[in-house]
Amino acid sequence: MLTDTTKAESDIQTRPQAIKIRGLLIDPPLLLAPMAGLTHSALRRIMIDFGGVGLLSTEMLSAKRLPTENPRISPYLIRAERENPLSYQILTSTDKEIGRAIDKLHAFKADAIDLNMGCPSPAVNRFGAGAMLMERPDEARSIVAEARRRTALPLTAKIRLGSEDDSAKLKAFCSMLEGEGVDMLTVHARFKHEPFARNPRWSYIADIKEGIKIPVIANGGIFSAEDAERCLSVSGADGLMLGRGATIKPWLFAEIARGVFGSDIKERVVSLPDIYAAFIEALVTDYRPIYHLGRLKEFTHYFARNYKFGHTLATRVQSSSSVEEARERAMTFFESI
Ligand SMILES: Cc1cc2nc3c(=O)[nH]c(=O)nc-3n(C[C@H](O)[C@H](O)[C@H](O)COP(=O)(O)O)c2cc1C
């Protein structure tokens, strides 16, 4: 008979193990999602201080603009030495831009390169990029082939489930990516048109996994260790990617790493005001002033959800006209709790 402890141990043993692609070890197999305006150095550092992140990410970076960005001052590219390993996500609609962008990423010492094939934003889709690439498989194929030709780094792709419920089309697209040399695939388990309010369709990932051999990462709607457990058992994925959940709770990676993957990570006391203050400190120290307030507002939109009356915090910060004012209002809010 299994005791509770041996059962818990056997659950952990059946969990996915670390992933290795082209020499890059992703351990535990927990990845940070690329998120525009959110996944930059300040937030990444707060997450890695709690531990449990197997692979960090930038937000999507325009292949066209990347070659002219200055990594010392660009809020998209600022990176501390301890932010390792870090994947850079490229957004493009054509194989013509990818070579120069990849050369730049080599210079930035990228640990992996991800291709954005899932962004549903009309502004991005209008020029044929993001999720539109799933509707333009020939272009997608040439982008992957050219990227593969230009780099020996781990090359990954992030997709949604497509524009319509068509399993054969989706699986053919994923096989094409694998055939052209993609080393790992992340699936945000929603169709292109589906809003975040809709439950993610994790079971579709199991279907995708049947057709390909590369590791598949499940993404969408993981906000707790229980969600992580459920997602793994429904999807059979090789790893998980966390976005909004880890923005609300930067310690979520550590919690899932310990509880689901059995990682030996020290538990740290979570102080919400301290996390918030550390985030502002990182912004103000490393970023030019024009970037402070916008990024603080983006973060607060999610972080405020830790509080029952978090909308009060979010509203006060949204209506602030400087980062100092926002900081003061936030501290007054924390003291009132
Ligand atoms: C504010 C925001 C910005 C995002 N930006 C990107 C992006 O730059 N590239 C990308 O592939 N996905 C982007 N996404 C999608 C996320 O990577 C992820 O697929 C989605 O949030 C679902 O995961 P979650 O439920 O864990 O948040 C963004 C999502 C949000 C909320």
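Reader: What do the buried residues of α7 pack against?

Author: They pack against α6 (167–179), β8 (184–188), β9 (216–219) and α8 (225–235). Helices (H or I, at least four residues) and strands (E, at least two) are DSSP runs, numbered from the N terminus. The model is predicted: local features need pLDDT of at least 70, side-chain atom pairs count only at pLDDT 80 or more, and totals for chains, interfaces and linings use all residues. Residues are numbered from 1 along each chain as its sequence is written.

Reader: Why is I205 called buried?

Author: A residue is buried if 20 or more other C-beta atoms, placed from the backbone, lie within 10 Å of its own, exposed if 12 or fewer, and partly exposed in between. I205 has 26 C-beta neighbours inside 10 Å, so I205 counts as buried. I205 sits in helix α7 (residues 203–211).

Reader: Which residues is I205 in contact with, leaving aside neighbours within four places in sequence?

Author: V187, A189, V216, A218, S235 and A237. Contact means that the C-beta atoms, placed from the backbone, lie within 7 Å.

Reader: Which residues of α7 are buried?

Author: Y204, I205, I208 and K209 are buried. Seen down the axis of α7, they fall within an arc of 145°, so they line one face of the helix. The arc is that of the directions from the helix axis to the C-beta atoms. An α-helix has 3.6 residues a turn, so residues three or four places apart point the same way.

Reader: Which residues are exposed on the other side of α7?

Author: S203 and E210 are exposed there.

Definitions and conventions
Two residues are in contact if their C-beta atoms, placed from the backbone, lie within 7 Å.
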